Amino acid sequence: MADFDLVLKHWELVEADYSGYGNLVLTRLFTEHPETQKLFPKFADIPQGELAGNADLSAHGAIVMKALGDLLKAKGNHESILKPLANTHATKHKIPFNNFQVITVVIAKVLEEKAGLDAAGQKALANVMALVISDIKANYQELGVTC
């Protein structure tokens, strides 16, 4: 619980600008890991120099960040939130499991830079996301999707 609370202390800034933070996260994800951009058909052909100003990317980023906020606020009691997300990402969107770890690193960097998530907060986020990712993995495996 303490890890969730520590991350949530910084989450107010994110909540105030889900689309701004979401755009930063996805732009950085696609820039630092260009192979991930292909996983998002709607954004696959956008030149990297145009990502930051793309309204659709900001809107999708807001969805990502809001979902993460919902998971954080559930403080580990997230099965009803996580299971449908994991199922659609595994079966509909075909997101390879390792990408959850990749985006976690990107989110941590953005939160450090923009929301002041210090070293203790970074560790707390890593702990929280390890739990979330473990539960995603269990859902993927339940569906027979290779992790």
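**Pocket and helix packing**

Guide: This is a predicted model. In it, α2 (18–32), α3 (55–74), α4 (79–92), α5 (98–115) and α6 (119–142) each contribute at least two residues to the lining of the largest pocket.

Visitor: How is such a space found, and which helix gives the most to the lining of the largest pocket?

Guide: Rolling a probe the size of a water molecule over the atoms shows where empty space is left. Here α3 gives the most to the lining of the largest pocket, namely six residues. The space in this pocket comes to about 680 Å³.

Visitor: Which residues lie nearest the centre of the largest pocket?

Guide: Of the 27 lining residues, Phe 40, His 60, Val 64, His 89 and Phe 100 lie nearest its centre. By class, the lining has 21 nonpolar residues, five polar and one charged.

Visitor: Now the packing. At what angle do the axes of α2 and α5 cross?

Guide: Two packed helices are described by the angle between their axes and the distance between the axes. For α2 and α5, the crossing is at roughly 130° and the axes come within 9 Å. The two helices are therefore oblique to each other, and their crossing is right-handed.

Visitor: Which residues of α2 and α5 make the contact?

Guide: From α2, they include Tyr 21, Leu 24, Arg 28 and Glu 32. From α5, Val 102, Val 106, Lys 109 and Glu 113 are among them. The residues of this contact divide into 12 nonpolar and five charged, with no polar ones.

Definitions and conventions:
Residues are numbered from 1 along each chain as its sequence is written. This is a predicted model: local features need pLDDT of at least 70, side-chain atom pairs count only at pLDDT 80 or more; totals for chains, interfaces and linings use all residues. Side-chain values use heavy atoms; hydrogens and water are left out. On a 1 Å grid over the protein atoms alone, a cavity is a set of points where a 1.4 Å probe fits but cannot get out, and a pocket is an open set with protein on both sides within 12 Å along at least five of seven lines; lining residues have an atom within 4 Å of a point. Grid points are joined across faces, edges and corners, and a volume is the space filled by probe spheres set on the points. Helices (H or I, at least four residues) and strands (E, at least two) are DSSP runs, numbered from the N terminus. Ala, Val, Leu, Ile, Met, Phe, Trp, Tyr, Cys and Pro count as nonpolar, Asp, Glu, Lys and Arg as charged, and the others, Gly among them, as polar. Axes are lines fitted to C-alpha atoms, for helices over the stretch in contact, and angles run from 0 to 180 degrees between N-to-C directions. Angles under 35 degrees count as roughly parallel, over 145 as roughly antiparallel, 65 to 115 as roughly perpendicular and the rest as oblique. A crossing is left-handed if the near helix is turned anticlockwise from the far one by less than a right angle, and right-handed if clockwise. Contact means heavy atoms within 4.5 Å.
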